[in-house]
Amino acid sequence: MKLEIENVSKTYRGNVAALRGFRLELGPGVLGLLGPNGAGKSTLMRILATITQPTAGRVLWNGTDIKHAPDALRTVLGYLPQDFGIYPNLSAAEFLEYLAAVKGLDAASARKRIGELLELVNLADAARRPLGGFSGGMRQRVGIAQALLNDPQLLIVDEPTAGLDPEERVRFRNLLSELSGERIVILSTHIVSDVEAVATDIALIAQGQLIVHGAPEALLAGVNGKVWEVVIPSGELPALRQGHLVSSTAHRNDGVHARVVADAPPRPDARQLEPSLEDAYLATLAAHRHAAAAEAAV
Amino acid sequence: MRPLRVVYAMARADFLERVRRYSYLVTLLFAVYLGYAAGTGIISLRLGDYRGVYTSAWIGAMVSLVATTFLSLVGFYIVKNAVDRDRQTRVGEILAATPLTKSSYLLGKLLSNFAVLASMVAVLAVAAVAMQILAAEDRTFHIGALILPFLFFTLPAMALTAAMALLFEAFRFLRGGFGNVLWFFLWSFGIALPAVTNHPQLDPSGLWMVYQSMLPAAHAGIPGYKEGFSLTIADKSVRVATGFHWNGVEWTPEIVILRLAWIAVAISLVLCGTWFFDRFDPARSRQKSGARSRRKGAAAPAGVAPEFSTVQAPIVTSTHLTPLATGARHSGSWRILVAELRLALKGYRWWWYAVAGGLLIAQFAAPLDVARGPLLAVAWLWPILVWSALGTREARFGTEQLLFSCARILPRQFPAAWMAGILVAALTGLGAAVRLALAGQSIGLLAWAAGALFIPSLALALGVWSGTSKFFEGLYVALWYVGPLHRVPGIDFTGSANGPQAGRYALFYLGVAAILVGAAFFRRARQLRGA
């Protein structure tokens, strides 16, 4: 089972480049695709889901170019788009039955699968209610269920936890971990904690380009020994932000506890911390921006 | 001054959003075509068998009436999306959270609707000038006679059209396909209103006013003229009455006030609409079942902190998924057909099925001519909203990405959706088909089958290409009105009015259906390729 993304570029009308020479090779496991807004994540997801075609480059699923034989992938694809609609007059079960028929599942398998999926996403009690009355989080769970209908070998989920409450988010993370064994899961998000929880691999994308691809440990190694905590009066926070990369702050009784990513301690009283993936992500992104700015200046 | 600024800002933003879409170019092209049709005689204004000399007054009146008549019908469908766009893009919810009043919002939208329609009128006004130059029947230009009909006939009618479109959007039950169908009948009624009531005041289009103004000159200049005044399409029998000189409508203050009063009516209608406009409150448009089920969930009392001594593990339900069997992904085509049929018919209330059933039973019980004539005509208008969803449902509900990432959409789902439409036509018109078969009328049966194929094919093609159900709803009702209802041979796609030519017309409609399905297939294939 292999997904190869070879030099994929996508340029929209008005010469807006969303992806530029993107290259990646994936096997079974969960890939966390991280990047800021507008980095090209959703464009990449749509290309992999055969919704959009790349302007250049190709995507191979087990050696087959999905541009020429999209059904080779679609048969085994589960896709949860960032924005999707539902048919408001259908119930959750009916909507899933409809999509199961579209995906070509036979009636008996579909019935069993839909029952399990509704249990899985905690919608069994609401299965017969019209989707038009569902909350955003409930609709998102229906979206998750439909993506799993055909027992996909490639599961692409774009911002899947948007709108989910904390309990459902944890539940979804656990589900992704369990599913990842024998399939490729691509989890696109800008919520670093989601990726931290489940990803076996991380790809960082910015300005349509792949910046880093590797295991979370490798990304973390880059900021090992470079994360500090300083406690300062709140009035000094703007000055600290001017000179350093501050990844988080928390107001406490003794002042502001700021988490700083820097090569050297930002203050003599700074305390070294264990790096988190968010620290590594922000530091890598900041380094990329500096490099891009320097390149532009030349 | 602030409310005026808000109205202006609302109208400006909405107008710019519209004119920067490709569909606006199509809109303008339609106006150009209307101008061309008027200029080349495809559409003509006639009194009896004659038309007047193409003077400034005649051309101004004729082109302005063409604009008034056709743009008030088609323009309604073009602009009836001002509020819906804000609903779909969810900009409406942002606006609803501001101090913007319902009246400011709707008046802004009215202005924008009016501006779009007025831009089409402007194209036709230019066409009128060009027409007089090119026709060269009278080289004397009277700019007032040429342009004033646009100002006093067309623009007030456009204001009224813009307001009606907005009013329909304000009422929940008129927002969708039912409103689109209803508009056609309202429009027909509006055109006939002054003739029916004999009140020149009730003349939103101005047709009656022009007719009354032309009568004395017509009696004097047209040999043997008694009565008759119409805008006709593709009628080659019209002759020029060289002695018929009409100097145009005399714009007395009363007439001008009467015409401008329609603008006041338009504004009043929109202000009335504020009573019914939900201001993007989903609770006011949500289904009752949803509201009921929400009430079931009892909320915890506020302000009470939870008490626990030890942290409990969450209750975890099963996350086990049985892997699909190897052959599970190869279901028969009938399953997708049943799923499409269910989707097409879902959401209709019991009375919808009751009426469809009643019409079906009546087809079995009535004499054959009635069964395949008026009864079949009504039976094939009743499911119009089922058909108009073909090809547009995915775009309307935003399920394209879910569907288009599935395998074999073109060979499975696309034909299944089309077949579901045909099945609806076949089921609703089954009585007429059985009666024709029992009577041994094979040509009649062929015509019936051609109709049953033609309707969903037209719906699918227009839906897939336009992405909206409005075009089918508007065009189909117009076709139905002229063909099956008024029994115009050739236009009657049910075949009952086509007499000895029924077989030939049936083959024609079968051919058209094939072309339409081919066009829809081609477009859907392109959509699937992400083009």
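Q: Hi! Which domains is chain A divided into?
A: Chain A has domain 1 (3-76 + 152-214) and domain 2 (221-297); the bounds come from an automatic or database domain assignment. This is a predicted model, where local features need pLDDT of at least 70, side-chain atom pairs count only at pLDDT 80 or more, and totals for chains, interfaces and linings use all residues. Residues are numbered from 1 along each chain as its sequence is written, while chains are lettered from A and ligands numbered from 1 in the order in which they are written.

Q: How many Å apart are the C-alpha centres of those two domains of chain A?
A: The centres of domain 1 and domain 2 of chain A lie 29 Å apart.

Q: And how many residues does each one give to the contact?
A: Domain 1 of chain A gives nine residues and domain 2 of chain A gives six. Two residues are in contact if their C-beta atoms, placed from the backbone, lie within 7 Å.

Q: Which element supplies the largest share on the domain 1 side?
A: H7(A), with three residues. Helices (H or I, at least four residues) and strands (E, at least two) are DSSP runs, numbered from the N terminus.

Q: OK, new topic: how many residues do chain A and chain B put into their contact?
A: Chain A puts in 47 residues and chain B 38.

Q: Which helix gives the largest share on chain A's side?
A: That's H4(A), with seven residues of the side that touches chain B. Helix H3 (92-102) and helix H6 (166-179) of chain A are among the others that each supply at least two.
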